[in-house]
Amino acid sequence: MQLPDLNQRFVLHFGEMGSRWGINRTVGQIYALLFVSERPLNADEIAQALDFSRSNVSMGLKELGAWQLVRMQHVPGDRRDYFSAPDDVWAIFRTLAEERRKREIDPTLSMLRDALLAQPESQAERHAQERMRQMHDLIELATRWFDDIQRMPSEDVRQLMQLGGAVQKLLSFKGRVKQVATRKRANAQPALKAVEN
């Protein structure tokens, strides 16, 4: 199986980028091949297209399966397993983000929680613990936001991302309305006291 030049460039690039994201280069290339393939591929076709050993392909497919990034299918009259990538790119993004969270964010949060429970023994430790509390609170906030995003339908997530700067404008407008309401309340306080007296 000879890959078209465009496909080959994508597969090679994805393997390189995958290794920077903490994904084995082989796994990244297998995934990229399945992602751009017009049809499901069996392990022999994947091995031939990428010039990998059959055992490397099997291990890569196992890892992708554990991450739920490949679907296994059967073709009538063929006993081999065929593999394809999920169609929904948002589902793929969510899966990758969740896996990164498990490997990178969750262990960091766990360490920070333990550090915040410790009794500081010096001013330096109190200072460090306060800095860790700030980091913990930020990561917790981002994690809760991520959980909310994970539960949203893909179309809603896409629309939210397209809002971009409009969200900042909305929050700025909300802040101005709040300031005006606070000023009006503050101005109304002396008038109410005068009426009561």
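Colleague: Quick one to start: is Asp51 buried or exposed?

Modeller: Asp51 is exposed, with a relative accessible area of 71%. Keep in mind that this is a predicted model.

Colleague: Where does Asp51 sit?

Modeller: Asp51 is in the loop between helix 3 and helix 4, just after helix 3 ends.

Colleague: And what phi does Asp51 take?

Modeller: A positive one, about 60°, although Asp51 is not a glycine. Most residues other than glycine have a negative phi.

Colleague: Let's turn to helix 3. How many of the eight residues of helix 3 are buried?

Modeller: Six of them, so helix 3 (residues 43-50) is largely enclosed by the rest of the structure. The buried ones are Ala43, Glu45, Ile46, Ala47, Ala49 and Leu50.

Colleague: What do those buried residues pack against?

Modeller: Their partners are helix 1 (5-20), helix 2 (25-36), strand 1 (41-42), helix 4 (54-66) and strand 3 (81-84).

Colleague: Which residue caps the N-terminal end of helix 3?

Modeller: That's Asn42, with a side-chain oxygen 3.0 Å from the backbone nitrogen of Asp44.

Colleague: Changing topic: how many bridges join strand 2 to strand 3?

Modeller: Four, and the two strands run antiparallel.

Colleague: Last one: what about the phi of Gln68?

Modeller: Gln68 also isn't a glycine, and its phi is positive, about 60°. You'll find Gln68 in the loop between helix 4 and strand 2, and it is exposed, with a relative accessible area of 61%.

Definitions and conventions
Residues are numbered from 1 along each chain as its sequence is written. This is a predicted model: local features need pLDDT of at least 70, side-chain atom pairs count only at pLDDT 80 or more; totals for chains, interfaces and linings use all residues. Side-chain values use heavy atoms; hydrogens and water are left out. Buried means under 20% relative accessible area, exposed over 50%, partly exposed in between (1.4 Å probe, protein chains only). Contact means heavy atoms within 4.5 Å. A polar contact is a pair of N or O atoms within 3.5 Å; within protein, one must be able to donate a hydrogen and the other to accept it, and residues adjacent in sequence count only if both atoms are side-chain atoms. Two strands pair if DSSP finds at least two bridges between them.
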